[in-house]
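Please open the model in a viewer and keep the selection tool at hand.

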Amino acid sequence: MKGNGDQSTNLKRVVVTGGSGFVGKALCRALHRAGFDVLSISRRAVLDLEHEGIRSYRCDLTAEGLPLAELLAGVHAVFHTAAHVEMWGAYDDFFRANVFATRQLLDACERAGCPYFIFTSSPSVVAGDQDLRGVDESIPYPTRYRAWYPETKATAEKEVRARGVSGVVKTLSLRPHLIFGPGDTNLIPTILDRARKGRLPIIGRGTNLVDVSYIDDCVAAHLCALEALESDPSLSGEAFFISQGEPVGLWAFIDEVLSRAGIARLTRRVDARIAFGIAAVVEGISRLLPSHPEPPLTTFLVKEMSTDHYFDISRARARLGYTPRFSVIRALEETFRGEVEHSAERRDPC
């Protein structure tokens, strides 16, 4: 039944946005295996999903006037994973993909009577300039962001949470951190690409701790979120940090990735204050140039690479029933046993 795209009424219908992306595609497959009738929405046809019996619908969620309410009629839940994930670019591109698209989907859910909305957010929504050491969901949003991505994701998350409190659509926001695994098109390919080009110096003291999220556990958290929300509607409007629950040294993790890919470990080091100053200068130059090219280093990236950012996931364990199954080492083994995509269909926005 699951293998032929059966749409019988005994299957709960769910929609996954960003089905051509890393998280969206993995989530589509997991939901399909779990017996849901899955529809992927993305900018591109997803032929491999279609061959597996998962239907897809092509559209640009940043466009206005989409027939989303009709598309969501009879849908039990929307998993919104699509986003514009970049370090640089025009504010309007981030706003339309991360805020406007989310708002359109929420509006459509309300009109269609779709009861559940699971939003893939990011821990960067609480990222200021300070270290984040074991913080929980009580940490407030910062008053200033150093990049459009975290700022617009925070704006979208706030709206998702507010809609969840209003009670028309039940919502949950998940904040998985540094997602990787087989099929990764972002984190590990970026590490390998920068290392091969000699553009990955150790920034700062080199001992900062971070959380990471393995794709299978990240996807499992999304399924846990829906089940928890169905069982306990009072969770609606809440946000949860998601990770392996095992902080790692960022640069030790990067060295392990490089070693498994047969690339020499990093030796070049740059003081964080110097790197930040350089990034500020090249950002300023880029803004003055007519094409606003992406600088090789940004102040947001320097902060992310040189500070601690790991999180307390005890609320996700207790309230969602989320339990990561993979250690970081086992997750890396699984990742490099699979095929890491080194090229370039990265950061698909929808």
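The model is a predicted one.

**First stop: a loop proline**

Select proline 142, which is placed in the loop between strand S6 (132–135) and H5. Is proline 142 buried or exposed? Its relative accessibility is 18%, and because buried means under 20%, proline 142 counts as buried. Display its surroundings next: setting aside neighbours within four places in sequence, proline 142 is in contact with Val125, Val126, Ala127 and Gly128.

Turn now to the second largest pocket, which holds about 380 Å³ of space. To find its centre, select Trp88, Arg146, Ala147, Trp148 and Arg287, the closest to that point of the 18 lining residues. H5 and H9 are the elements that each give two or more residues to this lining. The largest share, three residues, comes from H5.

Select residues 299–306, which form helix H10; seven of its eight residues are buried. The buried residues are Thr299, Phe300, Leu301, Val302, Glu304, Met305 and Ser306. Against which elements do the buried residues of H10 pack? The helices are H5 (148–166), H6 (187–196), H8 (250–260) and H9 (272–288), and the strands are S9 (202–203) and S15 (309–311).

In soluble globular proteins, nonpolar side chains tend to be buried together. Select Phe79, Phe180, Trp251, Phe253, Ile254 and Leu320: of the 77 residues in the largest nonpolar core, these touch the most other members. Helix H7 (residues 215–231) supplies the largest share of this core, nine residues. Centre the view on phenylalanine 180; beyond its neighbours within four places in sequence, its contacts are Phe22, Leu187, Ile188, Val212, Ser213, Tyr214, Ile215, Phe253, Ala331, Leu332 and Thr335.

Select glutamine 104, which belongs to helix H4 (residues 91–112). This glutamine is buried, with a relative accessible area of 14%. Which residues does glutamine 104 contact, leaving aside its neighbours within four places in sequence? They are Leu61, Ala63, Glu64, Gly65, Leu66 and Leu68. Within this group, look at leucine 61: its backbone oxygen lies 3.0 Å from a polar atom of the glutamine 104 side chain.

**Last stop: the cysteines**

A disulfide is a covalent bond between the sulfur atoms of two cysteines. How many disulfides does the structure hold? The number is zero. Select cysteine 114, which is in no disulfide; the nearest cysteine sulfur belongs to cysteine 109 and is 4.0 Å away. Since a disulfide requires a pair of cysteine sulfur atoms within 2.5 Å, this pair does not qualify because its sulfurs are 4.0 Å apart. Cysteine 114 counts as buried, at 1% relative accessibility. Finish with cysteine 218, likewise in no disulfide, for which the nearest cysteine sulfur is that of cysteine 224, 11 Å away. Cysteine 218 also counts as buried, at 1% relative accessibility.

Definitions and conventions: Residues numbered from 1 in each chain as written. Predicted model: local features only at pLDDT ≥ 70, side-chain atom pairs only at ≥ 80, totals over all residues. Heavy atoms only, no water. Helix = DSSP H or I, 4+ residues; strand = E, 2+ residues; numbered from the N terminus. Buried < 20%, exposed > 50% of the residue type's maximum accessible area, 1.4 Å probe, protein only. Polar contact = N/O pair within 3.5 Å; in protein donor to acceptor, adjacent residues only side chain to side chain. Contact = heavy atoms within 4.5 Å. Core = buried A, V, L, I, M, F, W, Y, C linked by side-chain atoms within 4.5 Å. 1 Å grid on protein atoms, 1.4 Å probe; cavity = no way out; pocket = protein on both sides within 12 Å on 5 of 7 lines; lining within 4 Å. Points joined across faces, edges and corners; volume = space filled by probe spheres on them.
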